[in-house]
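Me: I have a structure open and would like to go through it piece by piece. Can you take my questions as they come?

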Amino acid sequence: MKRNIRKVAVLGSGVMGSAIACHFANVGCEVLLLDIVPKEAEDSTNKMARNSIVNGALKAALKSKPSPIYIQSFAKRITTGNMTDDMKKIADYDWIIEVVVERLDIKKIVFENVEKYRTPGTLITSNTSGIPINMMLEGRSEDFQKHFLGTHFFNPPRYLKLLEIIPTPKTDPAVVEFLMDYGAKILGKSTVLCKDTPAFIANRVGVFAIQDLFHTVTEMGLTVGEVDKLTGPVMGRPKSATFRTCDVVGLDTLVHVANGVKDNCPDDERKAVFNTPSFVSTMLEKNWLGSKTGQGFYKKSKDANGKKTILELNLETLEYQEKGNVKFATLEAAKQAEDLKSRTKILFSGKDKAGDFYRKVFTGVFQYVTNRIPEISDETYRIDDALRAGFGWEMGPFETWDAIGFEKALTTMEEMGMKPAQFVYDMKEAGVTSFYKLEDGMRKYYDINAKKYLVIPGTEELLSLANLKETNTVWSNADTSIIDLGDGILNVEFHSKMNTIGGEVLAGINKAIDMAENEAQYKGVVISNEGENFSVGANVGLIFMMAVEQEYDELDFAIKTFQNTMMRARYSNIPVVVAPHGMTLGGGCELCLHADKVIANAETYIGLVEFGVGLIPGGGGSKEFALRTSDEFGEGDIRTNTLRNKFLTVGQAKVATSAYEGFDLGYLRKGQDEVVVSRAHQLSYAKQSCLTMANKGYQQQAQRTDIKVLGKEGLGIVYVGAHSMMSGNYMSKHDQVISEKLGFVLCGGDLSHPTEVSEQYLLDLERRAFLELCAEKKTLERIQSILQTGRVLRN
């Protein structure tokens, strides 16, 4: 029987329960969120009083930042209730998820109640992070046991991609297979199959790594600031690094997991690592748990001048002190490397204190993960997947080992007394010198039981630019690669710094369209990349240099080239699909505005943010908003309201907090553009969409000449509004100038009455206004400030 998930019941509305409910609402499910009746309302018949716990929890979740829900209207998909009055409703639900307090006795009571109302065949799972899954089965029916397993979401569920799937020996394999697929495709998760062992995979290894680092810091005499500098992005870890992450998570939470492993894994050869260091014990006693108590490894303070500052904890004196400058020769050398694999080799080979630190940290983790096979997983790739998705590591332990070099890492481990498990030596003896390899565009892992390389399950139908780049790149320049995705579809990948759009990227886009238009084997173009963000916009530094040098002819040519490239994406004779993710700002947004179709990842933060640097969108963005304003025009006041709304979206540099909000702000088109929750499946779907358009018969369209603009009728509204804002000190004089330039373009200039104009007419107005603003001293000062601080423009 084909299983469908339309309705999900979440039992328990705490931080995790409410957030899980929100994420199911995000993907379109009807959600029932239940919690207990408060003691004071047990005898009440007032529904609001009896549901006060669940309603309060959901309300708090919806107000939290970052938001657990893509767009607030999706919260209407969630119905609340209580476990006394409403448990019978679960009979109509396809999946029941238990997210109550981490006490086995309470969970058993909940499951006993569930059994009374649950329809046979319904999925029932627990979100426990530490209680053995099989211990929850006692007294449950055969059907319950068959459809029961653990589903461990990581917090916050919307943003952290890991979903650990933990079956029991009695779980139906078909249920496991279904949830592995559903979690990946529908929920957008990296689903990792785990064994029912303490802390499962991610927390078992991730918390070990943190605990081991605690002890290493003490031994090597490193400071909090030094460690966070060493263990952040340079190492392929989150910006919050180690100690800042502990402050965010909560030191008590970390110690709770560590104690759970220590108490429940008596045979773990490194169980001493899970002992609490003395400085951590003192912090617990003082209630210095991190952000939730106001201080932890870091503490916000004010200096003698009243300026806000952040102090770091001295781990020896346990007193707070100012953060010092961190400098290591190994770090300076690593900064020169372009990619993480190259950086990792440099870090591991460092000759200073930092190098000693990295070797100790890496070899400790390498040894530990080899000894966890087959205890927590039979396959190496599951451990890597769990650490990437759950802890934000760019490379998992075995991937890091490959980056350093199989033999080099092994030799260093032996020298440091950190010999790995026997299967590593078996690999070496068999002549196998890596845990992964690329073959025929597929990434394969070495299966230590089969003793050969196998395709990673679940990736057979996925497209990966990283996997295809070596064999399928058909053209490239410094900032762009054109990769053949197969079936006649080309992909344009950016790899400039922060994926900014400059001359090389524009050349790559034009080259791909040239190839698809003129070479018979190609049918269409997809524009996507696998960077952290799709694009933070045009190369502002280049604009600044030309403006400062007053090279206005060259600047005019550069802007015209950008505009022409965007228009070519819109009006070529082949389909162009753009697949954005992450920050998609400025020029990146303009590229989306001109695509035949946008396949956006749900976590796409899209917006025209040029106003923040003292400019207006100059790559066709202002023109496109004038066009979309025209298409939405009604009559009378409705017409001017439409103009006002579009003007404010650009003038306030609004950035969508999800792709779904991008529709409301007018960056994405309802009925045309689409959203994909799964980042892993996004490129495959974008390719298929492009192929469908091409095979359907794609016809190049004529440029628009019927764009209705309001001229002076609209300008009056813009100018009065800008003047009022400036007079009320809500904007600067310079902001008023920018507002009037933007309004001038959106209204089609100072035409005497509403008129239909062409796209080219609006592009010329846009380019002129952009150049005029580049000549403004205040604009150059803003751009210079942004370049100096490295800020990214985003609300």
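Me: Which residues touch the most other members in the largest nonpolar core?
Reply: F24, W95, F494 and I527 do, in a core of 115 residues. A nonpolar core here is a set of buried Ala, Val, Leu, Ile, Met, Phe, Trp, Tyr and Cys residues joined through side-chain atoms within 4.5 Å. Buried means under 20% relative accessible area, exposed over 50%, and partly exposed in between, with a 1.4 Å probe and protein chains only.

Me: Which residues does a second core include?
Reply: F148, F274, F366 and W393 are included in that separate core of 111 residues. In soluble globular proteins, nonpolar side chains tend to be buried together.

Me: What should I know about the model itself?
Reply: It is a predicted model, where local features need pLDDT of at least 70 and side-chain atom pairs count only at pLDDT 80 or more, while totals for chains, interfaces and linings use all residues. Residues are numbered from 1 along each chain as its sequence is written, and side-chain values use heavy atoms, with hydrogens and water left out.

Me: Back to F494. What does F494 touch?
Reply: Its contacts include D479, N499, I501, V505, I509, I527 and L591, not counting residues up to four places away in sequence. Contact means heavy atoms within 4.5 Å.

Me: Which residues are buried in α20?
Reply: V505, L506, G508, I509, N510, A512, I513, M515 and A516 are. Helices (H or I, at least four residues) and strands (E, at least two) are DSSP runs, numbered from the N terminus.

Me: How far apart are the end C-alpha atoms of helix α20?
Reply: They are 22 Å apart, and the 16 residues of α20 (503-518) should span 22 Å at 1.5 Å a residue, so the two agree. The expected span is 1.5 Å times one less than the number of residues.

Me: Sheets next. What is the strand order in the open sheet of eight strands?
Reply: The order is β3-β2-β1-β4-β5-β6-β7-β8, and the pairing is mixed. Its edge strands, β3 (78-82) and β8 (190-193), each pair on one side only. Two strands pair if DSSP finds at least two bridges between them.

Me: Do β7 and β8 run parallel or antiparallel?
Reply: Parallel, with four bridges joining β7 (residues 162-167) to β8. L163 has T191 in β8 as its bridge partner.

Me: And what is the order in the open sheet of seven strands?
Reply: That one goes β15-β16-β17-β18-β19-β21-β23, again with mixed pairing. At its edges are β15 (473-476) and β23 (674-676), each pairing on one side only.

Me: How many bridges hold β15 and β16?
Reply: Three, and β15 pairs with β16 (residues 480-486) in the antiparallel sense. T473 stands opposite I483 in β16.

Me: Which helix packs on the sheet there?
Reply: Helix α19 (residues 465-472), which touches β15, β16 and β17 (489-494). The direction of α19 makes about 95 degrees with that of β16. Axes are lines fitted to C-alpha atoms, for helices over the stretch in contact, and angles run from 0 to 180 degrees between N-to-C directions.

Me: New topic. Is S622 buried or exposed?
Reply: S622 is buried, with a relative accessible area of 1%. It is found in helix α24 (residues 621-632).

Me: What lies 2.8 Å from a polar atom of the side chain of S622?
Reply: The backbone oxygen of P617.

Me: And N127, buried or exposed?
Reply: N127 is buried too, at 9% relative accessible area. It lies in the loop between β5 (123-126) and α5 (142-146). A polar atom of the N127 side chain lies 2.8 Å from the backbone nitrogen of F153.

Me: How far apart are the C-alpha atoms of N127 and S622?
Reply: They are separated by 47 Å, and the residues are 495 apart along the chain.

Me: Where is the cis peptide bond with omega of about 0 degrees?
Reply: It joins K65 and P66. P66 is found in the loop between α3 (52-63) and β3. Another cis peptide bond joins N155 and P156, with omega of about 5 degrees.

Me: Last one. What phi does A199 have?
Reply: A positive phi of about 65 degrees, although A199 is not a glycine. F200 has a positive phi of about 60 degrees and is not a glycine either. A199 is buried at 6% relative accessible area, and F200 counts as buried at 1%.

Terms used. Polar contact = N/O pair within 3.5 Å; in protein donor to acceptor, adjacent residues only side chain to side chain.
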